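Hi,

Here is the structure I promised to pass on. Have a look at it first, and then read on for what turned up.

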Amino acid sequence: MARHYKLFGTFEISKDGVPSRLLQSLRGSALVSYLIVTNEAQTREHLADLLWESRSTSDGLKRLRQLISRIRPLIPELQTNRQTVSFQSTPDTVVDLWKLEQAIATNDNSKIENTLPLCEGPLLNNFQIENSIQFNEWLVVVREQWHKRVFDQYRQLCQRLLNQEEWHLGIEVCRRWLLLDDLNEEAYRRLMQMLVGLGEYEAALTEYETCRQVLWDELSVEPGQSIVQLAEDITNQQVAIATTEIVEGNSVPLLPKPGELVKPGPLPIRSIMPYHRNDDFTGRECELSKLAAQLLPYSDKESSSPRAVTISGMGGVGKTQLAVEFCYRYGRFFPGGIFWMNFENPETVVEEIASIGGQSGMGLFQEADQLTLADRVGRVTQAWQNQIPKLLIFDNCEEEDLLAKWLPVTGESRVLVTSQRGVWSPNLSMIHHELSVLQSAESISMLQKMHPQIDETVAAEIAKEIGDLPLGLHLAGSFLRQYSQITPSDYLTQLQQKSRLQHPSLQGRGTSYSPTAHQLNVEKTIELNYSQLDEENETDQIAIKLLLHASLFAPGESLPKDLLFSTVLSENPDMMELLKAEDGLIRLKALGLLEREDTERVTMHKLIAAYTIEKAADLQSAFLPVIKTVTSTITNSLEKYSYLGVLPLTANHVSTIVTTALQLELVEIIQLIPLWTRHLRDGALFDYARRVSQQALTLCEKKLPPNHIQTASILIGLGIANMRLGNYQEAKKQLTQCLNIREKQLEPNHQDLAQSYNGLGIVLVEMGEFKLARPYLEKTLQIWLQNLGASHPRVAIANNNLGSLLTDLEEFDEAEQFIDEAYKIWEQSNGAEHPLTAHAIHNKGALFLKIGEHKRAQALIRQAYTIRKNALGINHPSTSDSLHYLGQALMKVGQFEEAYSYLTQSLENLGKRFHAEHPALAPVHISLSEWHFLQGNDTLNKEHDTKAVQIFEKSGILSHPVLDKYSLNSLRKI
């Protein structure tokens, strides 16, 4: 019954297939394996020092004695005396290492061949001991020694089998060799030679491709020259077969399925590629798949399929990098090769093309041939038009004539063009890809790939500051990787505190390597394109204006082209003026300074916007046409609908303009502020509206004379915002101040005066001073009727407000007439599903609720609630108001459970929007008090009553009529 000791691969000890219990002792296994490998007696002191890092030799010796005592019964071969320990074999001992060593010593090829399979892996693979540095160091050395010995034997054995033409046995030996090391190029080369000996050329080339892929996946390197040359020699022996297979679409390797994103791999033989693959490349899966679908030589493609695909976009967006990544992922499916040419300088393109035809490229000629430049170029372009698929990259190609000149007119070559040019002639039969910045998730992934410790939230904020621009992300990640003492959070703060473009990271600090040899400076990258604008050129003049005006809007947001044009055009532009503006926009698009989403919209990257603003000589003057255009556009919308909950342009654009103009203290922004704050109020962003209005008022007080008429327009916005926030006394003061200014400076029937009457009337209604409010609201209606006509949406506002007030005053018949008139106007001008229309429907329902027609009230209020929920959202105060009144109506008809649900939801939603003591919450507390009273719950009834009183008391309106009308118990006693 033999005991087997296996040291190659995983260390094993067994007897009749049963593992030894010694394997449970790591140091016991180390002691035995060391004695076997050294095959000589070792002193106890040496072993103690080898296996333990004890403070003293005596401590190590003590541990060694204890170890030997435990393992001696398990290892009969273990021999000890007072000085030494050794491993002495018995007739039952079988050691793989000793058997192989003995075979090698005999120099008998047959014995070596039969014994080599015992080596199933590296010596004591993955074996090590913690806190045993000497043992681990010894093992590394001896493992490498045996690695070389075994591989020398395989090398000699394979050479002998090649000489003897024992192909089948040679293939078997090579495959065993590769099991030990699948990165061994020599083993692959010997295997390929054995296969060629059998005439299996395809199998040999398949093994070459396997070798290339494994080397690329594991080490990101290409095979050495010897195996590459062997593959070329094999290929040359079967050119006819290869050509037939390619024409039939059955080239090796098989093409991926459409939409399949393949892993990076080596390039085809004889390719010309100046760039290594970028290990930090992240995302772009969709773009890569689209390029593959359009460029790969699929056999089912129509003959009219495009011969060229362009990638365009702003500088730094990663056009060249995407092309490089595509080559490394899909290049192997172009058996004719990948050939990269720089088309940036038209004068050197001929030399670029000629250079790829030489021995290191397509192999069409040698230097000794002494061909003229024209002959070399002719051979290259002729080879482009054969039936073997090739991929040609024309990098930085900006001219249509240049592209048209060199596009292959026939054959299976495909062309990938990188360019900033976004518009090409249809006659070139090209597909165009506009490359945008990375998605947020891709940006985060890229930063985390370069700096694994970065928090996802911080990475997202950094990416946002950089605008997800790949070049900026690469520079930021490199900076953080280089300067580890700067935390990502600190770096983010730095970006936010100063001009992003001036931060050292975005100017290349922290990296000196560019994966595509491009500029490592975002500002200079942008400047390369901006500097091409000629201030003396008529088209470029208007392009510069368009660019500057676009930079004042929100970067990255869709911007209507017509709105941008309006900032540079006269009031009634003629055809030529419009065409010049269009030419200017095309120029900016061609330079990658503006992106065109479609025929009607453009976008601008935030870093380009920052560069343009820093470059501007007179930023304040540039703001004036922008403010004028935006103000006019929003005013027209307000005149048409009397509602600004939805703006005719993106709210971020207005916010950006207002914020920047206030920072610059441009008094011209005062004309836009009332419109902006009106939008914020319609969207229930009351605190934001108040803060903007307060900033504007400070600007008025600093820049304008006292009681200026424009100051009044800011005061009314500030007053209404304060009213919505429940600050009634402050609101009343500001609205009264506004009215006083306007009454002194405007005609008695001026529309703005009516606006002041309306604002002051509303705040008086909110404060419960109904009778004082009435004359103000009546004056409002009178002036607007006189100026605007009976069907104007603004007249509907006056009708609705007056109808609501008359409902509170219990003049129901007259109230209903005003509300109906408001509904008719709004329904006609804004539509049946508009929030303003819902306002009139809600007020009609509230009227019916007060006169006791509860079912009619319920239907109308439910209708208003549905419209408001869909148009404004569930948390909007108007939606919550309808929830409240719907709960009241249901309570009146005895549907208590549903009523309670609506009332509590209204209170909850209002609590999310306002603070707990906002006056808007008081009426809901009173309704809940009534609900609990009707349910017999005195405790909660009084709790809600008390809360309502506290709210009104803090607001200074304890005498509000709603208290007298709805309070049932405790409130009457107060």
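**The cavity and its lining**

The lining of the largest cavity is made up of 7 nonpolar residues, 2 polar and 1 charged. The residues in question are A550, F553, A554, E557, L559, L594, V602, T603, M604 and H653.

Before going further, a note on what you have: it is a predicted model, with local features needing pLDDT of at least 70 and side-chain atom pairs counting only at pLDDT 80 or more, while totals for chains, interfaces and linings use all residues. Residues are numbered from 1 along each chain as its sequence is written, and side-chain values use heavy atoms, with hydrogens and water left out.

Back to the cavity. Its volume is about 30 Å³, and the structure holds 1 cavity of 30 Å³ or more. For the set-up: on a 1 Å grid over the protein atoms alone, a cavity is a set of points where a 1.4 Å probe fits but cannot get out, and lining residues have an atom within 4 Å of a point. Points are joined across faces, edges and corners, and the volume is the space filled by probe spheres set on them.

β14 and β15 (residues 601–603) pair in the antiparallel sense over 2 bridges. Strands here are DSSP runs (E, at least two residues), helices are runs of H or I with at least four, and both are numbered from the N terminus; two strands pair if DSSP finds at least two bridges between them. The sheet is open, has 3 strands in the order β13-β15-β14, and its pairing is antiparallel. β13 (559–560) and β14 (595–596) are the edge strands with a single partner each, so one side of each has no neighbour in the sheet.

**Another set of strands**

β5 (residues 78–80) and β6 pair in the antiparallel sense over 3 bridges, and a hairpin of 3 residues joins them. Q79 stands opposite S86 in β6. β6 (residues 84–87) also pairs with β4 (residues 42–43), again antiparallel, over 2 bridges, with T84 as the bridge partner of T43.

**Two single residues**

S289 sits in helix α12 (residues 285–295). Its relative accessibility is 17%, so S289 counts as buried; the cut-offs are under 20% relative accessible area for buried, over 50% for exposed and partly exposed in between (1.4 Å probe, protein chains only).

I431 belongs to strand β12 (residues 430–434) and, at 26% relative accessibility, counts as partly exposed. Its C-alpha atom is separated by 6.3 Å from that of T310, 121 residues apart along the chain.

**The whole chain**

The protein chain has 43 helices and 15 strands. Of its 974 residues, 51% count as buried. The C-alpha atoms fill a box of roughly 120 × 85 × 50 Å along the principal axes. The radius of gyration is 42 Å, whereas a compact globule of 974 residues would have one near 30 Å (taken over C-alpha atoms; the globule rule is 2.2 Å times the number of residues to the power 0.38).

Cheers

Methods:
On a 1 Å grid over the protein atoms alone, a cavity is a set of points where a 1.4 Å probe fits but cannot get out, and a pocket is an open set with protein on both sides within 12 Å along at least five of seven lines; lining residues have an atom within 4 Å of a point. Ala, Val, Leu, Ile, Met, Phe, Trp, Tyr, Cys and Pro count as nonpolar, Asp, Glu, Lys and Arg as charged, and the others, Gly among them, as polar.
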